[in-house]
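This report describes a few features of one protein model.

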Amino acid sequence: MKPIQLGGIAVKCNPLVVFVIPTAAVFGLLDVLLLSVISLGIHEFAHLIFAKRLGVRVIELEILPIGCVARIDPDSLAISRDELFIALAGPISSLSMGITLYAVFGILEIEAKTATQLIGINLILCFINLIPALPLDGGRVLRSLIASRTGYSSATKLSSYLGVFIGICISALGIYTVITDKANITIFVVGLTIVLSALSELKSVSSTSIKAITMRAAKIYSGRHYRTLTTAMKSSTRAHDAIVLLSSSHYNVICVVDDDMKRIGEIDEGRLLEGISKYGSNVTLKELCVDRYRLR
């Protein structure tokens with residue numbers, strides 16, 4: 001489905017969302033769906049507010065059957081902890097909403113079905129999103145915690161693999177409920193959505209890294225300064241593996257070493273990108289260092 005632009009943010013809808021409304025209608029859950037949309041709106045608005053306050057640019061908003069995913073520009077992160085605060089803003093807002101509604105309805109002695117559903121939806125939103133797997137907020141918290149050590153792209157890769165694993169486990173649980181005559185289609189849909197979204201995050205890793213390098217080059221040209229980060233990598237490392245290990249907040253230089261840990265050359269991120277463009281992403285760092293593959 002083609003994204004639409006709203007306030008400079010690309011908004012797209014996951015194809016699985018098409019099945020949500022008719023499914024809710026069949027099971028008589030349209031009221032729950034409406035309350036979920038309201039709660040999700042508040043949840044995502046909290047993300048956007050924190051991102052704006054921290055000066056982080058949101059580049060895409062994807063609507064999923066289990067909520068929305070706000071994707072940020074990694075090059076606009078001043079420090080990796082910024083994403084942690086942005087990611088936690090959603091679950092905290094949902095938890096606060098659930099607790100506040102529980103207190104208010106308790107004081108007013110309101111026991112309406114709608115009130116109970118609204119409290120439950122917000123609490124479920126909070127705890128599901130804390131699962132440490134992309135594309136959920138918990139996965140973004142995990143990525144922010146390890147990005148300072150591994151680099152943003154590598155952290156995305158690790159969190160995405162964890163998302164695929166957890167999604168498969170949840171889907172398997174959904175299938176088990178069918179086998180045991182306790183069918184709960186919601187569990188299976190949640191698991192399937194997590195798997196597909198995590199795979200989408202994995203596919204975007206290389207393109208995000210390339211875009212980050214391009215944007216960084218433009219900012220350096222315009223006068224912005226970056227600290228240099230030198231990372232040692234084996235000469236047999238493929239370019240597509242090397243690029244996801246680069247830091248999003250530094251200008252990267254790769255020190256290429258052989259099996260004996262002896263330095264055989266040096267490649268900066270610009271030359272790495274040029275090498276991918278000329279020879280493809282499977283080219284090794286050693287090939288980029290030798291004379292016949294040297295970039296001019």
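How many residues does α3 have, and how far does α3 reach from its first C-alpha to its last?

## Helix α3

The model is predicted. In it, α3 has 27 residues and spans 38 Å from its first C-alpha to its last. That is close to the 39 Å expected at 1.5 Å a residue.

The helix α3 bends by about 30° at A89. A proline, P91, follows within four residues of that point.

## Cavities

Rolling a probe the size of a water molecule over the atoms shows where empty space is left. Here the count comes to 3 cavities of 30 Å³ or more. The largest cavity holds about 110 Å³ of space.

Which elements supply at least two residues each to the lining of the largest cavity? They are α2 (30–53), β4 (67–72), α3 (81–107) and α5 (137–150). The largest share, 4 residues, comes from β4.

Residues lining the largest cavity include E44, H47, C68, V69, E83, P135 and R140. By class, this lining has 7 nonpolar, 1 polar and 4 charged residues.

In which sense do strands β6 and β7 pair, parallel or antiparallel? Strand β6 (residues 251–257) and strand β7 (residues 263–268) are antiparallel, and their pairing runs over 5 bridges. C255 stands opposite E266 in β7.

Together β6 and β7 form a hairpin, with 5 residues between the two strands. In the turn, M261 has a positive phi of about 65°.

Technical notes:
Residues are numbered from 1 along each chain as its sequence is written. This is a predicted model: local features need pLDDT of at least 70, side-chain atom pairs count only at pLDDT 80 or more; totals for chains, interfaces and linings use all residues. Side-chain values use heavy atoms; hydrogens and water are left out. On a 1 Å grid over the protein atoms alone, a cavity is a set of points where a 1.4 Å probe fits but cannot get out, and a pocket is an open set with protein on both sides within 12 Å along at least five of seven lines; lining residues have an atom within 4 Å of a point. Grid points are joined across faces, edges and corners, and a volume is the space filled by probe spheres set on the points. Ala, Val, Leu, Ile, Met, Phe, Trp, Tyr, Cys and Pro count as nonpolar, Asp, Glu, Lys and Arg as charged, and the others, Gly among them, as polar. The expected span of a helix is 1.5 Å times one less than its number of residues. The bend at a residue is the angle between axes fitted to the seven residues ending there and the seven starting there. Two strands pair if DSSP finds at least two bridges between them.
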